[in-house]
Structures are given as C-alpha cells and as structure tokens.
Amino acid sequence: PEDLVTVTGTEDGSIYVWKNRMLWSNTRGAHKGPVFALCIPDEHPNLVLSGGKDGGIVIHLLDASEHGKGLTPLSVIDATKLEKPPRVISERHSIRALACCSAGPGWLRLAFGTCANDVMQVEIDVRNSRSISLLQHTLCAVVHGHAGSAVKALCAHPDFPEFATAGQEGMLRLWNATEHSLSACVQLGHAGSAVDYSLALN
C-alpha cells in the first residue's frame, strides 16, 4: 500500500515529514520561530506551503519517494514586505492560516490570514516548479479587522463618509463608509485608546 505522508510544523521553526507513523525527514530552521500554518494544494500535492510567526510564507518541494530528499525550499514570500496600499501587514503580524485553490492551469490562488485579523489573497505562478513566482499585482485584501481585543477608539469624519478606528494592537485604520472598505492603515507603535479628526490641519 502507498505510504501515508503527513507534514507537521514545530515551535522552533522546523517542519517534520512523517511516513505512516515514522519521522522521515526534518527540515530545521524553515522559519524563524513557530510554524503556525501548513497547506498542500490539491492540484499540486508535491508542494507544501508553510507560514510562521516570522511573517514568512515558504513554498517547499516535497519529494516523498523512497530516496527522496523530503522538503526543499523553492521560494520565500516575506509578507511583511508586500507593498500595496492600504498596507495592512507589519512585522508584528505573523501568518496564522493558509489556504490554496486553483486559479487556472499552473496558477495557485493563495489566501493567508494574519494575527491582525487580516485575510489577504495573492496568485502564484507554479508552472515551473523550479522557478515559482508571486504576482505582486494580484495582492488584495479579502477581510480587514483589529486584532487582540475590542476597538478602543472610533471617530467619524465631520465632512466626509469616513471614520477612523484604533485598537490595542497599535494600528490606526481609516474606513470608507460608502464602500464599506479600508482606505488606509498606519502602525502607531503603541496601543490606540483615542482618535479624533482635526479640521485645523485640513
């Protein structure tokens, strides 16, 4: 019978590959810190995606054959450096969830959730397993939110359909009340407890 292959992440950043009940390979230092999320795309079972506290998403090639090498890293996505406004990912926001689905032949649509309650989506070109690339222009936000605790600060703009919120995680967010979407996001560096608009600065 075919071997049952299982992949698990550890608190020290290692990723284990198991065959049946036996540890088959150990990839040490896959992440700097705990591995929080793992995903194997249905359409590409030879790929393993891992996400960690370091804000990185690593795409690995899985070779579970008899003389295979286990996991080989192919590409690293640093989610803290993805630049597309409104910027919602900071160095404090680790990857907590990963999910993949097909976006067409040779393409993957990757969704990832952060500890800041944001869910982002991006497409990946996997037509050449040795040269996997992320399509930066496809990066978009699916859901935004404040993380950690209740929103401590809220203020509506006196003239425009906009309001501002701040939370304990140290993020100030501006929202478009008409489109029900996030307009901008700024990392304060400390918890937010009050927010207001100053018309004198207009």
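So, W175 comes out buried at 15% relative accessibility, where buried means under 20% relative accessible area, exposed over 50% and partly exposed in between, with a 1.4 Å probe and protein chains only. Keep in mind this is a predicted model: local features need pLDDT of at least 70, side-chain atom pairs count only at pLDDT 80 or more, and totals for chains, interfaces and linings use all residues. Residues are numbered from 1 along each chain as its sequence is written, and side-chain values use heavy atoms, with hydrogens and water left out.

Back to W175. Its ring is stacked with that of F163, 6.3 Å centre to centre and 15° between the planes. For ring pairs, Phe, Tyr and Trp (its six-membered ring) need centres within 6.5 Å; planes under 30 degrees apart are stacked, over 60 edge-to-face, the rest tilted. F163 itself is partly exposed, at 27%. F163 sits in strand 13 and W175 in strand 14, so the pair ties together parts twelve residues apart in sequence; strands here are DSSP E runs of at least two residues, numbered from the N terminus.

Last thing: charges over rings, meaning NZ of Lys or CZ of Arg within 6 Å of the ring centre and within 35 degrees of the ring normal. K19 lies over the face of W24 at 4.3 Å from the ring centre, and R96 over that of F36 at 4.0 Å.

Technical notes: Helix = DSSP H or I, 4+ residues; strand = E, 2+ residues; numbered from the N terminus.
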